[in-house]
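Visitor: Please take me on a close look at one part of this protein. I would like to see which side chains meet there, and then how other side chains pair up elsewhere.

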Amino acid sequence: MQRSFDDLGTPLRDVTFCVLDLETTGPSPATDTITEIGAVKVRGGECLGTFHTLVNPGRAIPPQITVLTGITGAMVGPAPRVEEVLPSFVEFADGAVVVGHNVRFDAAFLDGALDRAAWPRLQRPLIDTCAIARRLLRDEVPNCRLGTLSSRLRLDHQPTHRALDDALATTDLLHLLIERAAALPT
């Protein structure tokens, strides 16, 4: 269940968020692997940095995934394996609340990669912008897909099924949702 921002125990302006998006070889964390990691770290509406890398999945990328993301085997061939990327990503995300659009999908892949590499899982609250959008925007949009929300709400960044672009769009959405929630009567 999505917790309230009050449950974070820190004034919202002081909360550091790590907005995460992953691209993968398919939908199953048990059988598919990460091909790209994108993340944006923000606090108080300010971007503190970005993290982006392609990841060599150690296997072929299915054609339908290449069509969706544009990520090819040639692109990820020279990229580091996920085990090599995890230390940098964990350091980047350290101390931040992890945010994503359908964040449980990304968290499941990240947890699986951390488990396989014998690294501890990130012990951070998860904030799901899709769940929040369903509550705050359900009467304004036909669905809560990131592309629909980005287009309808005229966010600065549009998702492209590439990790950093989608993380930037999710960051814009997070800020809009926080503004909308703040305007609600208490």
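Guide: Start with K41, which lies over the face of F92, 5.0 Å from the ring centre. A charge counts as over a ring if NZ of Lys or CZ of Arg is within 6 Å of the ring centre and within 35 degrees of the ring normal. This is a predicted model, where local features need pLDDT of at least 70 and side-chain atom pairs count only at pLDDT 80 or more, while totals for chains, interfaces and linings use all residues. Residues are numbered from 1 along each chain as its sequence is written, and side-chain values use heavy atoms, with hydrogens and water left out.

Stay with F92. At 13% relative accessibility, F92 is buried. Buried means under 20% relative accessible area, exposed means over 50%, and partly exposed falls in between (1.4 Å probe, protein chains only). F92 also has an aromatic partner, F51. Rings of Phe, Tyr and Trp (its six-membered ring) pair if their centres lie within 6.5 Å; planes under 30 degrees apart are stacked, over 60 edge-to-face, and the rest tilted. The count comes to three aromatic pairs. For F51 and F92 the centres are 5.7 Å apart and the planes meet at 40 degrees, so this pair is tilted. It joins distant parts of the chain: F51 sits in strand β3 (residues 46–54) and F92 in helix α3 (residues 82–93), 41 residues apart. Helices (H or I, at least four residues) and strands (E, at least two) are DSSP runs, numbered from the N terminus. F51 is buried too, at 12% relative accessible area.

Now look at helix α4 (residues 103–116). F105 and F109 both lie there, four residues apart, about one turn of the helix. Their ring centres are 4.9 Å apart and their planes are at 50 degrees, so they are tilted. F109 is buried, with a relative accessible area of 1%. F105 is partly exposed, at 34%.

Next come the charged pairs. Side chains of opposite charge can pair when their charged atoms come close. A salt bridge is a side-chain nitrogen of Lys or Arg within 4 Å of a carboxyl oxygen of Asp or Glu. The whole structure has five salt bridges. One of them joins R59 and D32, at 3.3 Å from N to O. R59 is in the loop between β3 and α1 (63–69), and D32 is in the loop between β1 (16–24) and β2 (34–43), 27 residues apart. D32 is buried, at 10% relative accessible area, whereas R59 is partly exposed, at 36%.

Another bridge links R162 and E36, whose closest N and O atoms are 2.8 Å apart. R162 lies in the loop between α6 (146–152) and α7 (163–183) and E36 in strand β2, so the bridge ties together parts 126 residues apart in sequence. E36 is buried, with a relative accessible area of 1%.

Return to helix α4. D111 in this helix pairs with R121, in the loop between α4 and β5 (126–128). Their N to O distance is 3.7 Å. D111, D115 and R121 are linked in a network of salt bridges.

Finish with the cysteines. A disulfide is a pair of cysteine sulfur atoms within 2.5 Å. The search of the whole structure finds zero disulfides. The closest cysteine sulfur to that of C18 is in C47, 11 Å away, which is too far for a bond. C18 is buried, at 0% relative accessible area, and C47 is partly exposed, at 45%.
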